[in-house]
Amino acid sequence: VIDIRKLYGNTGAFTYDPGFTSTASCESKITFIDGDQGVLLHRGYPIDQLAEQSNFMELSYLLLNGELPSKAELEKFSGTITRHTMVHEQLAQFYRGFRRDAHPMAVMCGVVGALSAFYHDSTDIADPHQRLVASHRLIAKIPTIAAMAYKYSVGQPFVYPKNNLSYTGNFLNMTFSVPAEEYEIDPVVEAAMDKIFILHADHEQNASTSTVRLAGSSGANPFACIAAGIACLWGPAHGGANEAALNMLREIGHIDRIPEYIARAKNKDDPFRLMGFGHRVYKNYDPRAKVLGKAATEVLAKLGKNDPILDVARKLEEIALTDPYFVEKKLYPNVDFYSGVILSAIGFPTTMFTVLFALARTVGWVAQWNEMIADPEQKIGRPRQLYTGHTQRDYVPLTQR
Ligand code: ACO
């Protein structure tokens, strides 16, 4: 009998690392995280400084190009993105194939994947110029596609991009304006939305980014790779947690019910987890959650909204930060904990939360994809396995089984 383990594996040393908790899959110069200290840097710049002082367009340039742009560079970049915001009319027809009650993330997976059928020139990924064009198309079109997913779900007509608006203002207009009424973009809402986009733009080799890199490592079409990233982001353990976190806060509903949910989270026999808490890398406060916690209070106050779930969120955070179970396991609020409170105040339904995450993360995905393709060390991603199945055995004919 031949031992398959000897045949297929163990010819050299390799690590068994489920969930890749301690395996680096690539070198990268884009984003740095120190999970113990709660530090997040993009191209060296701290996330809190970027969130307070920069804007999503500038951050997109930084992630893609490695340096902050000059005024002229930023204008040129914004102009390029603005010129690509339209989608092909035939893509608009594509939406009609979906049920109206389809989850918008399902629609996003399909529509973004379908872009690969519209841009055949983007298949020459060895050409840096073509890669840049594909990147610009993705960053520019994703707000249009996301807004259309929303409009389709509520049965309203699609709103075309308006190129005299900012990136974020244009997205809000395409989402919330209706032809019969004048829609004015509230600067408070625009600033909060832009901040949310900044805070979700990149986060090094998380599950969806690794998915984009893995898909791209075979030389696949970039639009298809981003669709793969969107599919991965959808899961409740990843980007889907913002939707789950808000649903959980609404279900708790009142601070008096928090102890019941804390007890459930600690109970090993109950699969319930406190959504918006815990992170694979951060064993300290997620710096993005700090910015968003502050922004949630400001936005609700400025919009004059008094949502009781903000009180539930604050109290839950207070209790969890002192509870021995959470302290010992280093479970702190993550980026998804407060983002839903803000998005809900702005007027987004929970099903759109992960779509907004995907919109912002697209720039991180394309930056990471570009870096990977340009890396001369890049190989097709091909994890190994630890085979635990049968050793070789002889086929038994059906009549003898
Ligand atoms: N509530 C209660 N207990 C938790 C939670 C939580 N939210 N998160 C982790 N734990 C516990 C686990 O039960 C486990 O306990 P054990 O050691 O007694 O078995 C321990 O903490 C470690 O948890 P793991 O699942 O092993 O940690 P991992 O790094 O694999 O998971 C994850 C990280 C998926 C984010 C997890 O904390 C979780 O499910 N959180 C809730 C979902 C969420 O908010 N996800 C968003 C992440 S951020 C993002 O993707 C943008």
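Mentor: Helices (H or I, at least four residues) and strands (E, at least two) are DSSP runs, numbered from the N terminus. Also, this is a predicted model: local features need pLDDT of at least 70, side-chain atom pairs count only at pLDDT 80 or more, and totals for chains, interfaces and linings use all residues. Residues are numbered from 1 along each chain as its sequence is written.

Trainee: OK. At what angle do α8 and α9 pack?

Mentor: About 110°, with the axes of α8 (residues 167-176) and α9 (residues 187-199) 9 Å apart. That makes α8 roughly perpendicular to α9; the label covers 65 to 115 degrees, while under 35 is roughly parallel, over 145 roughly antiparallel and the rest oblique.

Trainee: Which residues make that contact?

Mentor: Thr 168, Gly 169 and Leu 172 from α8, with Val 189, Glu 190, Met 193, Asp 194 and Phe 197 from α9. Contact here means C-beta atoms, placed from the backbone, within 7 Å. By class, that is four nonpolar, two polar and two charged residues. Ala, Val, Leu, Ile, Met, Phe, Trp, Tyr, Cys and Pro count as nonpolar, Asp, Glu, Lys and Arg as charged, and the others, Gly among them, as polar.

Trainee: Switching to α14 and α17: what's their angle?

Mentor: α14 and α17 (residues 336-346) pack at about 25°, axes 8 Å apart. That makes α14 roughly parallel to α17.

Trainee: And what classes of residue are in that contact?

Mentor: Eleven nonpolar, two polar and no charged residues. Among them are Ala 289, Leu 292 and Gly 293 of α14 and Phe 337, Tyr 338 and Ser 339 of α17.

Trainee: How do α3 and α18 cross?

Mentor: The axes of α3 (residues 56-65) and α18 (residues 353-374) come within 8 Å and cross at roughly 15°. That makes α3 roughly parallel to α18. Ser 60, Leu 63 and Leu 64 of α3 meet Val 363, Gly 364, Ala 367 and Asn 370 of α18.

Trainee: New topic: which residues does UniProt annotate as "active site"?

Mentor: His 279 and Asp 336, from an unreviewed entry. They span 58 residues in sequence, yet no two of their C-alpha atoms are more than 10.5 Å apart, so they gather at one spot. His 279 is in the loop between α13 (258-266) and α14 (287-302). UniProt positions use the numbering here, feature names are shortened, and annotations may be inferred rather than shown by experiment.

Trainee: Where does UniProt put the "transmembrane region"?

Mentor: At residues 337-360, again from an unreviewed entry. The end C-alpha atoms of that span lie 17 Å apart, and the span is 75% helix and 0% strand.

Trainee: Last one: how many residues surround the ligand?

Mentor: 19, and the closest are Ala 241, Arg 273, Phe 277, Gly 278 and Arg 280. A residue is near a molecule if its C-beta atom, placed from the backbone, lies within 6 Å of it. The shell divides into eight nonpolar, seven polar and four charged residues.

How values were computed:
Axes are lines fitted to C-alpha atoms, for helices over the stretch in contact, and angles run from 0 to 180 degrees between N-to-C directions. Two residues are in contact if their C-beta atoms, placed from the backbone, lie within 7 Å.
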